[in-house]
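Hi,

Here is the structure I promised to pass on. My notes on its salt bridges follow below.

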Amino acid sequence: MDAVSDVKQKNNAESMLWQLPAVEVVQLLKEGKVSPLQLIDIAEARVSETRYLNATPILCLQRARKRARSLRIPRPGDPSPGPGYLYGLPILVKDSQPLAGVRFVCGSMMHANRMASET
């Protein structure tokens with residue numbers, strides 16, 4: 001296989017990570033085969049692909065990337081990749097849940113300017 005094919009295959013595999021169960025993605029994180037920043041990029045691409053659904057009207061990608069950069073990167077074989085089971089796994093928080101400093105609209109224009117003061 002040539003270098004271009006390798007890159008295409010890798011990009012295709014990464015773009016399909018959103019289809020895996022969280023437990024498998026966390027294992028990839030623990031093994032150092034994928035990074036939290038890569039997962040945020042994949043999540044962003046998937047949100048863009050499904051934007052027409054208007055299921056995620058508020059995104060905090062810069063905030064997520066800043067947090068991801070602050071995480072300790074696990075090394076292959078590291079027995080302690082970080083605190084918590086979902087360490088490094090990006091999650092989606094709907095606008096019906098308060099997240100400090102983010103609009104908290106509960107899917108209603110009536111609350112279009114409401115900001116959550118705490119998480």
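Is Arg65 buried or exposed? Arg65 is buried, at a relative accessible area of 16% (buried means under 20% relative accessible area, exposed over 50%, and partly exposed in between, with a 1.4 Å probe and protein chains only).

Before the rest, two notes on the basis. This is a predicted model, in which local features need pLDDT of at least 70 and side-chain atom pairs count only at pLDDT 80 or more, while totals for chains, interfaces and linings use all residues. Residues are numbered from 1 along each chain as its sequence is written, and side-chain values use heavy atoms, with hydrogens and water left out.

Arg65 sits in helix H4 (residues 61–70); helices are DSSP runs of H or I with at least four residues, numbered from the N terminus. Leaving aside residues up to four places away in sequence, Arg65 touches Leu37, Ile40, Asp41 and Glu44 (contact means heavy atoms within 4.5 Å).

There are four salt bridges, each a side-chain nitrogen of Lys or Arg within 4 Å of a carboxyl oxygen of Asp or Glu. One of them joins Arg65 to Glu44 at 2.6 Å, N to O. Arg65 lies in helix H4 and Glu44 in helix H3 (residues 36–49), so this pair ties together parts that are 21 residues apart in sequence. Glu44 is partly exposed, at 29%. Asp41, Glu44 and Arg65 are linked in a salt-bridge network.

Within helix H3, Arg46 and Glu49 are three residues apart, about one helical turn, and their side chains form a salt bridge at 3.0 Å, N to O.

Best wishes

Terms used
Helix = DSSP H or I, 4+ residues; strand = E, 2+ residues; numbered from the N terminus.
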